Amino acid sequence: MARDIARSTGRAVATSASGRFPSPAVLGPAVRGWVVGGLAIEAEQRRLFPWLAVAFGAGILAFFTATDGMPSLWAPLVAAGACAATLPFLGARPAALAVALGLMAALLGFAASALRVAQVAAPVLTRTIIAPLEGLIESLEEREEGARLVVRVASLGTMAAAERPVRVRVSFKKAPPLRPGDFIAATARLLPPPEAARPGGYDFARDAYFRGIGAVGSLLGKIAVKPPPEPVPWSLRLAAAVDDARNALTRRITDANGGQAGAVAAALVTGKRGLIALATNDTLRAAGIYHVVSISGLHMVLAAGVVFWLVRAGLALVPFLALAWPIKKIAAALAMVGVTAYCVFSGWDIAAERSLVMTLIMLGAILVDRPALSMRNLALAALIALSHEPEGLLGPSFQMSFGAVAGLIACARLIDGGMFRRDGAGRIGRLIALSLTTVVGTLGTTLVAQVATAPFATYHFQTVQPYGLIGNALTLPLVSLAVMPAAVLGIVAYPFALDQPVWWLMGLAVRGMLTISGWIQGLGRANVVVPAFGTAALGCLAAGLLLATLPVSRLRWLALPPALLGLGLATMPARYDIYVDRQGSGAAVRRADGSLVALGRPSNFVLEQWLKADGDGRPGAQATGGPACDRIGCTLRLADGRAVALLKDRRGFAQDCAKASVLITALAAPPGCAAALVIDRAYLASHGAVAIRVEPNGFILADTHEPGRTLPWRPAMVRPPPQGTDDEAAGGSSPAAEPKPKDVPFQGMAAPPPRAEEADPAPDDPTADGPNPEMPGDTLQ
């Protein structure tokens with residue numbers, strides 16, 4: 001049969017060479033032979049196992065994108081069991097066996113998602129309230145002004161236990177002497193976790209749900225510390241003690257260095273990033289090295305590597321131990337213990353947890369005499385991470401970290417510098433080869449990681465760092481050779497109070513890193529904003545990445561069609577002409593010159609998300625102040641002359657319903673409003689934030705969520721009161737008429753939306769408390 005396939009392939013090639021397109025009778029067997037031959041190589045190289053992780057992820061995607069409501073857990077489990085029962089009978093049919101295995105993995109991914117949702121199920125706040133709050137501080141992060149903390153709620157106004165959130169995340173501007181583990185009583189202004197600012201944007205509400213956070217907001221007035229009404233479980237006491245220790249070490253590192261070098265150095269060790277200024281964050285992003293302040297892949301690998309090297313080198317100094325003991329395996333085992341302890345101390349963040357799983361599997365491979373860095377190990381790490389946290393598949397952290405490592409494994413032979421090594425080379429030749437290997441390895445690793453993570457980074461953040469290759473090449477040696485070894489040494493010296501000189505030396509390296517980043521930022525256009533593309537383009541690019549990295553045979557060429565299609569779709573993004581926030585208090589409208597301008601009072605973060613989605617890198621402040629506004633509302637005309645009105649006072653309904661083509665309001669529009677498109681309180685309650693594309697004959701709308709679709713993290717919001725009731729208490733007041741917080745009873749009643757200066761700072765800012773993206777370089781190297 002192999003000769004027949006080869007003969008058919010040869011005829012197809014000869015026909016193509018002669019300029020004639022081969023007939024289906026010739027082309028079909030040739031293509032089939034090419035695919036079958038490639039699959040045979042994949043099976044021989046044991047590279048089909050990683051596709052089980054892909055199938056598992058497909059089941060997770062089906063759960064999060066297609067389900068409506070909460071499916072039964074037994075249904076996918078029974079179906080997966082049925083697939084497993086057929087496996088013994090499919091040994092002679094490899095294709096059917098592969099399909100059954102893939103379907104079983106997908107069903108198990110679906111079941112893991114359903115189980116995870118059931119495990120974290122907790123009430124979510126459905127309205128904005130001001131109420132007395134009592135609870136235990138689980139974690140606290142000091143910031144430049146004030147602090148942000150997560151509170152395990154014991155009581156919230158008069159709200160019943162079945163309705164109140166389990167945890168709330170609150171901030172306050174003044175930092176009283178609070179510590180994790182304190183039981184506090186205060187007045188809190190709370191609102192539901194914010195959903196996406198635009199269709200396809202980052203959904204903080206979903207992430208908050210899986211963290212057990214049912215509300216966000218701020219503390220008002222005095223905060224009292226009191227004894228807890230009942231004994232605190234040991235697990236909460238332990239978590240609070242660890243967080244308190246992290247805060248103490250953060251202060252110690254910042255005191256040893258001072259300024260932003262101290263803040264960045266502390267973040268590299270403890271994961272506490274609240275003291276890093278926004279300008280410093282921008283500088284690190286411009287250089288493409290913001291990943292270094294997120295405790296994740298790079299930190300786990302370097303921490304494990306330092307422990308592994310120190311233990312192995314120490315044991316190797318004793319000849320008897322080096323000859324009689326398996327010192328490599330001992331070093332790997334102790335590195336596993338050390339990196340796990342580091343992950344616990346750094347806060348057990350989601351990104352760090354996934355990186356820990358990957359690192360432990362790589363070290364475990366050493367214990368069983370397997371290759372540490374292999375696609376099989378990566379697939380196993382992905383299966384374990386997704387089984388524990390299926391929701392992570394939807395975030396940039398998982399996508400970028402595993403995508404980068406897959407690219408590095410696939411290109412390992414190209415970037416290992418083996419071409420520069422020569423047998424029998426002299427000392428100078430070996431030195432030159434080592435230098436070239438280091439340079440090529442650093443540049444190649446960074447380039448491969450950037451290419452592999454580019455689709456996910458661009459989709460989630462709409463930014464590209466053109467100088468990221470330079471930034472990583474110049475700063476990663478500092479991080480790898482100075483910063484992280486100093487961090488490990490400092491943690492070892494910390495219990496002996498001998499750590500201050502170590503932190504000072506670490507601060508010198510961090511200052512060098514910041515200096516390099518500042519120089520790169522000064523080159524200009526270090527951050528390029530590109531328009532947001534859709535999930536279809538991302539799906540095609542992700543499929544191309546999988547097909548390019550997982551196979552070892554010529555089947556890798558199958559990556560070209562989806563990759564080219566994804567690139568084509570990404571260059572044709574869906575740009576919208578009007579954005580409306582989820583409260584109806586602000587909007588952005590495209591003017592005749594093609595730029596967006598703000599209407600009303602959208603938050604600066606939301607406005608910048610709209611601008612970035614449009615490929616506009618302006619700060620939010622530069623897109624305000626265009627149209628004329630008064631206490632009634634704002635109006636602006638589109639390029640075709642149609643009027644857009646944002647109404648804040650019901651007295652303007654008569655005029656705006658008659659003259660505006662698009663009416664936007666946080667109030668309930670009266671029946672029979674003649675505007676062609678009405679976006680009012682009822683519409684926003686069921687659709688969320690809205691994006692509108694203006695067409696000559698109408699409008700095309702995109703919403704953040706489908707009306708009527710129920711999701712666990714998106715409970716039904718409180719229905720707006722009928723016309724004639726107190727709109728201010730329901731959240732529909734104009735900003736000028738908003739009551740002060742002291743005027744609202746503190747018993748859990750609905751409160752007006754927070755003013756810009758009172759709201760929880762950047763509640764939906766992913767850089768503040770959202771996903772920790774692992775940018776290029778934040779991978780196993």
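Predicted model: local features only at pLDDT ≥ 70, side-chain atom pairs only at ≥ 80, totals over all residues.
Student: How is the protein chain described as a whole?

Tutor: The chain has 781 residues, of which 50% count as buried. Its secondary structure comes to 26 helices and 16 strands. Among contacts between residues at least 6 apart in sequence, 66% join residues at least 24 apart.

Student: Why is T458 called buried?

Tutor: The relative accessibility of T458 is 13%. Buried means under 20%, so T458 counts as buried. T458 belongs to helix 17, which spans residues 427-461. Apart from residues up to four places away in sequence, T458 touches T463, V464, V530 and F533.

Student: What makes S661 buried or exposed?

Tutor: S661 has a relative accessible area of 16%. The limit for a buried residue is under 20%, and S661 is therefore buried. The residue sits in the loop between helix 23 (653-659) and strand 13 (662-665). Leaving aside neighbours within four places in sequence, its contacts are R642, A643, A675, A676, L677 and F699.

Student: How do you know whether G395 is buried or exposed?

Tutor: The relative accessible area of G395 is 17%. Because buried means under 20%, G395 is buried. G395 is placed in the loop between helix 14 (375-388) and helix 15 (396-410). Its C-alpha lies 8.5 Å from that of Y202, although the two residues are 193 apart in sequence.

Student: Why is T438 called partly exposed?

Tutor: T438 has a relative accessibility of 46%. Buried requires a value under 20% and exposed a value over 50%; T438 lies in between and therefore counts as partly exposed. T438 is also found in helix 17. From C-alpha to C-alpha, T438 and I415 are 9.6 Å apart in space, and they are 23 residues apart in sequence.

Student: What makes A497 and R525 exposed?

Tutor: Exposed means over 50% relative accessible area. A497 has 52%, so A497 counts as exposed. R525 has 64%, so R525 counts as exposed too. A497 lies in the loop between helix 18 and helix 19, whereas R525 lies in the loop between helix 19 and strand 7 (528-529).

Student: How do you know that the buried residues of helix 21 line one face of the helix?

Tutor: In helix 21, residues 560-570, the residues P562, G566 and A570 are buried. Seen down the helix axis, the buried residues fall within an arc of 70°, so they line one face. The face turned away from the buried side carries the exposed residues P561 and L564. The buried residues pack against helix 20 (535-549).

Student: Which residues touch the most other members of the largest nonpolar core?

Tutor: This core has 53 residues, and V264, V292, V293, M300, M506 and V510 touch the most other members. Elements that give two or more residues to this core include helix 7, helix 8 (259-270) and helix 10 (297-316). Leaving aside neighbours within four places in sequence, M300 is in contact with residues including I295, V339, Y342, C343 and L356.

Student: What makes the lining of the largest cavity nonpolar, polar or charged, residue by residue?

Tutor: The lining consists of E141, E142, N247, T250, K272, R273, G274 and L275. Strand 1 (129-142) and helix 7 (234-257) are the elements that give two or more residues to this lining. Glu, Lys and Arg count as charged, so E141, E142, K272 and R273 fall in the charged class. Leu counts as nonpolar, so L275 is placed there. The tally is one nonpolar, three polar and four charged residues.

Student: How many cavities of 30 Å³ or more are counted, and what space lies in the largest cavity?

Tutor: The count comes to two cavities of 30 Å³ or more. About 50 Å³ of space lies in the largest cavity.

Definitions and conventions: Residues numbered from 1 in each chain as written. Heavy atoms only, no water. Buried < 20%, exposed > 50% of the residue type's maximum accessible area, 1.4 Å probe, protein only. Helix = DSSP H or I, 4+ residues; strand = E, 2+ residues; numbered from the N terminus. Arc of directions from axis to C-beta. Contact = heavy atoms within 4.5 Å. 1 Å grid on protein atoms, 1.4 Å probe; cavity = no way out; pocket = protein on both sides within 12 Å on 5 of 7 lines; lining within 4 Å. Points joined across faces, edges and corners; volume = space filled by probe spheres on them. Core = buried A, V, L, I, M, F, W, Y, C linked by side-chain atoms within 4.5 Å.
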